[in-house]
Amino acid sequence: MSDTISFHVHGAIAEAVVDNPPVNATSASVRQGLAEAIRKVEADPQLSALVIRCVGKTFIAGADIKEFGKPMADPQLPALLELMDHATKPIVAAVHGTVLGGGFEVALACHYRIALGDTKFGFPEVKLGIVPGAGGTQRTPRLAGLETTIKLTTEGGQIDAAKALADSLIDRIADSGDLAAAALAYAQQLVDEGKGPRSAGALPMPADDPALFEEARKALSRKMRGQSAPLRILDAIRLGYELDFDAALMRELDLCRESIAGPQSKALRHMFAAERDVARVPDLPADTATRPVERVGVIGLGAMGRGIVMAMASAGMPVIAVGLDDGHVAAAMKAIGKMWSSSVAKGSLTQGAMDKRLALIATSDDPRDLGAANLVIEAVTENLNVKKAVFATLGQVTQPGTILASNTSFLNIDALADASGRPEDVCGMHFFNPAHIMRLLENVRAAKTDPEVVATIMALGKRIGKLSVLSGVCDGFIVNRMLSKRSREAFFLVEEGASPAAIDKILLSYGFPMGPFALGDLAGLDVQAAARLARAANATERELRADFVEQMVADGRTGQKTGSGWYSYDENRKASPNPQTDAMIAAHAERHGLTLRDIGEDEIRERLLYAMVNEGAKLLDEGIAPRPQEIDVAMVNGLGWPNYTGGPMFWADQIGLDKVLATIERFRAQQGDAYWTPAPLLVKHAKAGRGFYA
Ligand code: T1G
């Protein structure tokens, strides 16, 4: 057998056991070993059936992503599955863990399936921009029907064993935890009952339902806007109505290969790897000790503090929530209760789970109560002096070794560290609003942060289900610093003659969920004005002059919440053009003697996006972002940069840094050195003909 498959014989039943860590992917040696096992069983008259199972945490979790884009050794997965389909003795898949993608396809090509009760099944290919390539779109509908197939393959979610059983995707749930024994007994029973092989391909397709496909197409075009794989997967399922089973499999494989070769899959696979890379901090040894975190304190119960309390309690973490006074605490708990109650009303949370979460939250208006926490997150108002005072207090009321984290989005954490008197315990944990929903967590290492503190907050992020990215200290860290350059260009473009709606539309069609102006209205223009004020000392005259948000705030127009900002909003917050905005822009131009011009789409898009790429290169130069991976993961998950472009740094690499640099030089000539001096790293890489990724 191959080095990843062992072969065992138990009476008349043979067993092929896959051992290919970490996730038993169908690497070449697995495919070869399974093919050999099938041939062996076929050739041996003493053997009547074959069980395929895996050791470790999971059954096969898919094709081996590392093999993509390289020539694949035979047998390819579809050829292996064809061998199974045509075997003359029954093959039983015994599955546990996460049965995903190519792994699910292996199981479906087996003739019978038995699973542990806590097994999960899914086709995550779509998340990698891939059409399933080994029968997933053909066997699934024949077994489970169209609705389950469309949902599983186009959305990439998972179902549990009970649902898989109800949908005939498995035949049996093992009644004990001993899957190996249960599978052998099942195979023996099949043999005893004279049950032979069975192919899902021999079943008819379910009755066609064009309306269901049409509905799915519409929903996916909305929900996964810009992505090609979901729609290609629908095309693949339809092959079952157009071709016979074998021909449909061949065409499905073509679609799979085309999708793997396409730019979106390349970018999405990059994101998959980058998300895992950022969990490993380059200069932090993997065996760095972490400090125990059994109770988290949160001080400051505004929108961010509440969201952080909710994120912690939702993850099962006991929290001490400390507000300014009784009134603030009561208001915060009322708001939290209201949000969870609305989830209960919608059915996305059970009352029991909500009660459990609430029971994890202790409240107080006395910071001394934070002495019982192992880690405290400060989320008070975004003002350096206020925060310094809080850190001085925290330094006194908490035990030495208690981690003190600030949720500031742009203030200097080194200054807070000094104020605490325990700088080695201080770091940043920058959540994104709403903190209980947004997946990104920017963890910030300050000058004196202890490595154990870094290791602890990275681990804590994972524990509460966040995607943690490590950043150094600077104004705005990774996401807000890059975003501030986009905002600058957006305001300049308006001053030069582009309409906010046109700018938003261009970023929307690039793939962002919304453009900068719609985002400003949503977040609140007063918030944006306050951030501009905090940075005014370092702003240029031109940046100060582009004071549109200040003008609107002075006018009482702070965005969605007042029904008016860049856009007008009706009572359902539906946006429409705002004549006041047009008037403001015209008056602004007249007041400052600005001439408006027609600006092309390419210039608008490139100025908004290259400003961020250039800033990203500076973050790398300065060591604020350890690697381009941190930037791509942060921008995709924090700002909604479309994941199928791979994030700003990967995207720039695909364009070619020489081209990006040439465009930036053009903007520099047009707009001035203050805004468009290329980052030294960008120049260096462009000259060397390489990318941010080697
Ligand atoms: N191939 C290669 N390596 C993989 C892998 C895969 N499919 N899946 C995970 N890894 C590596 C991962 O990079 C990491 O390595 C380690 O395993 C642990 O992963 C023909 C076209 C299975 C639920 O998309 O969803 O099948 O970074 O940190 O949280 O139609 O991994 O440590 O070096 O995520 O326990 C479809 C993707 C492929 C499955 C485990 N399958 N994987 O989660 O650990 S396309 C997928 C996952 C396909 C067919 C086609 C998760 C997991 P390292 P981890 P985890």
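Predicted model: local features only at pLDDT ≥ 70, side-chain atom pairs only at ≥ 80, totals over all residues.

Visitor: Is Asn24 buried or exposed, going by its relative accessibility?

Guide: The cut-off for buried is under 20% relative accessible area. Asn24 counts as buried because its relative accessibility is 3%. Asn24 sits in the loop between β2 and α1.

Visitor: What is the phi of Asn24?

Guide: Most residues other than glycine have a negative phi, and most peptide bonds are trans. Asn24 has a positive phi, near 60°. Ser168, also not a glycine, has a positive phi of about 65°. Ser168 lies in the loop between α6 and β9 and is partly exposed, at 38% relative accessible area.

Visitor: Which peptide bond is cis in the loop that holds Pro22?

Guide: The bond joining Pro21 and Pro22 is cis, with omega about 5°. Pro22 belongs to the loop between β2 and α1. Another cis bond runs from Asn433 to Pro434, with omega near -5°, and Pro434 is in the loop between β15 and β16.

Visitor: How many disulfides are there?

Guide: A disulfide is a covalent bond between the sulfur atoms of two cysteines. The count here is zero. For Cys427, the nearest cysteine sulfur is that of Cys474, 16 Å away. Cys427 is buried at 0% relative accessibility, and Cys474 is buried at 12%.

Visitor: Why is α18 described as largely enclosed by the rest of the structure?

Guide: Of its 20 residues, 17 are buried, so α18 is largely enclosed. Helix α18 spans residues 477–496 and reaches 29 Å from its first C-alpha to its last, close to the expected 28 Å. Gly497 follows α18, with a positive phi near 130°.

Note on methods
Residues numbered from 1 in each chain as written. Heavy atoms only, no water. Helix = DSSP H or I, 4+ residues; strand = E, 2+ residues; numbered from the N terminus. Expected span 1.5 Å × (residues − 1). Buried < 20%, exposed > 50% of the residue type's maximum accessible area, 1.4 Å probe, protein only. Disulfide = S-S within 2.5 Å.
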